[in-house]
Amino acid sequence: MKIGFIGVGKMASAIISGLNTTSHDIIISGSSLARSREIAELLEVEAAESHQALIDEADLVILGIKPQLFDRLLPELTFTKPIMSMAAGVTLDRLAALTNPELPLIRIMPNLNAQILQSSTAICSNQHVSESLLTAAKEITDSFGTTFDIAEKDFDNFTALAGSSPAYIALFIEALAKAGVKNGFGKTQALDIVTQTVKATAEHLLKSADKPNDLIDKVASPGGTTIAGLMDLERTGLTHSVCSAIDKTIEKSKSL
């Protein structure tokens, strides 16, 4: 399959890095021909002469442009190939109205971790997408992480849990590291300790049959240090605070 990217920002570049491990051919079109050629050389892919030339040549067009450019750019182009969009807030219905309502349309929502080929990516599609095309699309998204089939109505929820949460997780890591500094560790060492522990804990939950509560029960022995800390986290409202932050994120996402 020949995959074309219109717009080649950080996320698209990360996806291309994942696709370079597959057998697909890649062609790109950026903000100008000169810029396209510059990025193409850097990523070791082909540059198209124009957006329209890319559409005519590619088997699948991936839109990597910013959502605010859709209304201005897309109506100027003639789309004849399946489209995959990664733009936040642009629904399949809106994409159809801006391109071609008869085309197979796929919507994805990757997150920051695509840059290290470990994205959590949501995917949904319209009624024109065949099983074989959807399988090919998931092969693409799996090349830079893990794919989740999500109903489009839940994309705002997914954005909060997977798109925004890396910032919240980083804030939690930073808070733990600060606690380490407060109690005598150097900042670098504290960050190393906490980051490795968070990584290993996540892997433990992914690779074992343990649920979070199982792991908590294993670590928190009766009358011990961990339960004392857990009770204080409950007293200060950690769970409520996290749920409130996710609710605010979803609320903001729906308003965009």
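In this predicted model, in which local features need pLDDT of at least 70, side-chain atom pairs count only at pLDDT 80 or more, and totals for chains, interfaces and linings use all residues, the axes of helix α7 (residues 155–182) and helix α11 (residues 238–255) come within 9 Å and cross at roughly 120°. That angle makes α7 oblique to α11, given that angles under 35 degrees count as roughly parallel, over 145 as roughly antiparallel, 65 to 115 as roughly perpendicular and the rest as oblique. Residues are numbered from 1 along each chain as its sequence is written, and side-chain values use heavy atoms, with hydrogens and water left out.

- Axes are lines fitted to C-alpha atoms, for helices over the stretch in contact, with angles from 0 to 180 degrees between N-to-C directions, and helices (H or I, at least four residues) and strands (E, at least two) are DSSP runs numbered from the N terminus.
- The contact, defined by heavy atoms within 4.5 Å, brings Asp156, Asn157, Thr159, Ala160, Leu161, Ser164 and Tyr168 of α7 against Ala245, Ile246, Thr249, Ile250, Ser253 and Lys254 of α11.
- Six nonpolar, five polar and two charged residues make up this contact of α7 with α11, where Ala, Val, Leu, Ile, Met, Phe, Trp, Tyr, Cys and Pro count as nonpolar, Asp, Glu, Lys and Arg as charged, and the others, Gly among them, as polar.
- Helix α7 also lies across β6, β7 and β8, and runs at about 175° to β7.

**The sheet**

- Eight strands form an open sheet with mixed pairing, in the order β3-β2-β1-β4-β5-β6-β7-β8, two strands being paired if DSSP finds at least two bridges between them.
- The edges are held by β3 (46–47) and β8 (145–149), each of which has a single partner strand, so one side of each is left without a neighbour in the sheet.
- Strand β2 (residues 25–29) runs parallel to β3 and is joined to it by two bridges, with glutamate 46 in β3 as the bridge partner of isoleucine 27.
- Helix α6 (residues 131–142) packs on the sheet, where it touches β1, β4, β5, β6 (105–109), β7 (119–125) and β8, and its direction makes about 140° with that of β8.
- Strand β1 (residues 2–6) pairs with β4 in the parallel sense over four bridges, and isoleucine 6 stands opposite leucine 63 in β4.
- The pairing of β4 and β5 is likewise in the parallel sense, over three bridges, and isoleucine 83 in β5 is the bridge partner of valine 61.
- Strands β6 and β7 run antiparallel and are joined by four bridges, whereas β7 and β8 run parallel and are joined by five.

**Buried elements**

- Buried means under 20% relative accessible area, exposed over 50%, and partly exposed in between, with a 1.4 Å probe and protein chains only.
- In strand β4 (residues 60–63), Leu60 and Ile62 point one way and Val61 and Leu63 the other way, and all are buried.
- Serine 85, which is found in strand β5 (residues 83–85), counts as buried at 1% relative accessibility.
- Leaving aside neighbours within four places in sequence, serine 85 is in contact with Leu63, Phe70, Leu95, Ile106, Arg107 and Ile108.
- Helix α1 (residues 10–19) has seven of its ten residues buried, so it is largely enclosed by the rest of the structure, and its buried residues pack against β1, β2, α2 (33–43) and α6.
- Strand β7 is mostly covered, with five of its seven residues buried.
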